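Hi,

Here is the structure I promised to pass on.

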Amino acid sequence: MKRLCSLLLAVAALLTGCATAPAQLPAGCRQAIIGITEGWDSSHATLNLVQRRADGRWARVLGPIPARLGRNGVAWGRGLHNDPRGAVLKCEGDGRSPAGIYALGGLWVTNPTPVQHHPAIPYVKVGPNDLWVTDPAMPKLYNRWVRLDHPAATPWELHEQMRQTDYAHSIKMLVCHNTPERRGGAVVNGGSSIFFHIWRENGGKPTAGCTAMAEENLRALIARLNPALHPVYVLLPRAEYARYRSAWQLP
């Protein structure tokens with residue numbers, strides 16, 4: 001615990017503009033990644049990047065992109081939407097990706113090839129000092145990026161250290177699920193460390209809760225994101241998307 005006093009703490013959401021909003025797309029949103037699954041228990045999704053045209057209509061600019069989700073499918077997460085009454089919510093370690101509407105955060109990269117991105121998107125070159133805290137027993141640090149003033153060394157630090165040599169995690173873009181702004185500065189044991197990243201075995205394996213895709217598709221997606229268009233990630237089973245499309249003003 002003494003070593004925690006020397007942490008140089010940085011909350012990723014504060015760097016990336018994650019914020020709360022009503023149960024619909026945020027005001028000014030003109031870009032969205034739409035992810036559709038065939039059901040709550042499916043670990044497969046199809047993604048499309050859409051953008052609002054000058055006439056107000058949405059047009060696809062990239063996709064369809066095949067993607068893999070959590071091994072157990074999806075569950076309602078904590079994002080820009082209001083949680084449906086009585087919904088079973090995502091929790092830490094459930095193997096599900098968070099369903100709902102989410103702001104997008106910055107990039108955390110170890111990949112040797114630079115990732116083309118809009119200059120307003122924060123870009124962190126991950127090193128041995130970087131942690132992403134998944135330990136619910138540390139509520140002040142939970143689901144936050146932490147940069148130590150020393151390389152991770154203790155068992156706890158090494159457990160929370162961001163992956164250094166895992167190629168699937170060499171390009172990570174934050175999905176703002178259960179981030180501090182979601183509930184007035186508080187986070188709950190509702191799942192952490194949710195990113196877009198590169199998939200495994202050409203899509204042959206699911207994730208622990210992230211959204212994964214082929215590297216070329218991930219790079220193409222990131223390259224087209226523009227923070228000025230207030231992009232969001234919408235992930236829902238097909239039936240739920242149809243149910244909430246009008247009320248949430250979805251594309």
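A word on conventions first. This is a predicted model, so local features need pLDDT of at least 70 and side-chain atom pairs count only at pLDDT 80 or more, while totals for chains, interfaces and linings use all residues. Residues are numbered from 1 along each chain as its sequence is written, and side-chain values use heavy atoms, with hydrogens and water left out.

**The chain as a whole**

The chain has four helices and 13 strands; these are DSSP runs numbered from the N terminus, helices being H or I with at least four residues and strands E with at least two. Of its 251 residues, 54% are buried (buried is under 20% relative accessible area, exposed over 50%, partly exposed in between, with a 1.4 Å probe and protein chains only). The exposed surface comes to about 11300 Å², and carbon and sulfur atoms supply 53% of that (Shrake-Rupley areas with a 1.4 Å probe; for residues, only the protein chains shown count as cover). If you take contacts between residues at least 6 apart in sequence, 66% of them join residues at least 24 apart, where a contact means heavy atoms within 4.5 Å.

**The largest pocket**

How much space lies in the largest pocket? About 550 Å³. Of the 29 residues lining this pocket, Thr134, Arg163, His169, Ser193 and Ala208 are the closest to its centre. By class, the lining has nine nonpolar, 12 polar and eight charged residues.

You'll want the definitions here. On a 1 Å grid over the protein atoms alone, a pocket is an open set of points where a 1.4 Å probe fits, with protein on both sides within 12 Å along at least five of seven lines, and lining residues have an atom within 4 Å of a point. Grid points are joined across faces, edges and corners, and the volume is the space filled by probe spheres set on the points. For the classes, Ala, Val, Leu, Ile, Met, Phe, Trp, Tyr, Cys and Pro are nonpolar, Asp, Glu, Lys and Arg are charged, and the others, Gly among them, are polar.

Lys90 sits in the loop between strand 5 (74-76) and strand 6 (97-109). Is this lysine buried or exposed? Lys90 counts as buried because its relative accessibility is 3%. Its side chain makes a polar contact of 2.7 Å with the side chain of Asp94 (a polar contact is a pair of N or O atoms within 3.5 Å; within protein, one must be able to donate a hydrogen and the other to accept it, and residues adjacent in sequence count only if both atoms are side-chain atoms). Beyond its neighbours within four places in sequence, Lys90 is in contact with residues including Trp76, Arg96, His177 and Ile194.

Asp41 is in the loop between strand 2 (31-37) and strand 3 (44-52), and counts as exposed because its relative accessibility is 60%. The side chains of Asp41 and Arg96 are joined by a polar contact of 3.0 Å. Leaving out neighbours within four places in sequence, Asp41 is in contact with Asn72, Gly73 and Arg96.

**His197**

His197 lies in strand 11 (residues 195-198) and, at 3% relative accessibility, counts as buried. Not counting residues up to four places away in sequence, His197 touches His169, Lys172, Cys210 and Met213, among others.

**Backbone points to check by eye**

Most residues other than glycine have a negative phi, and most peptide bonds are trans. Gly63 and Pro64, however, are joined by a cis peptide bond with omega about 5°, and Pro64 is in strand 4 (residues 58-68). Asn143 has a positive phi, near 60°; Asn143 is in the loop between strand 8 (130-132) and strand 9 (145-147) and is buried at 5% relative accessibility. Asn178 has a phi near 60° too, in the loop between strand 10 (171-175) and strand 11, and is buried at 1%.
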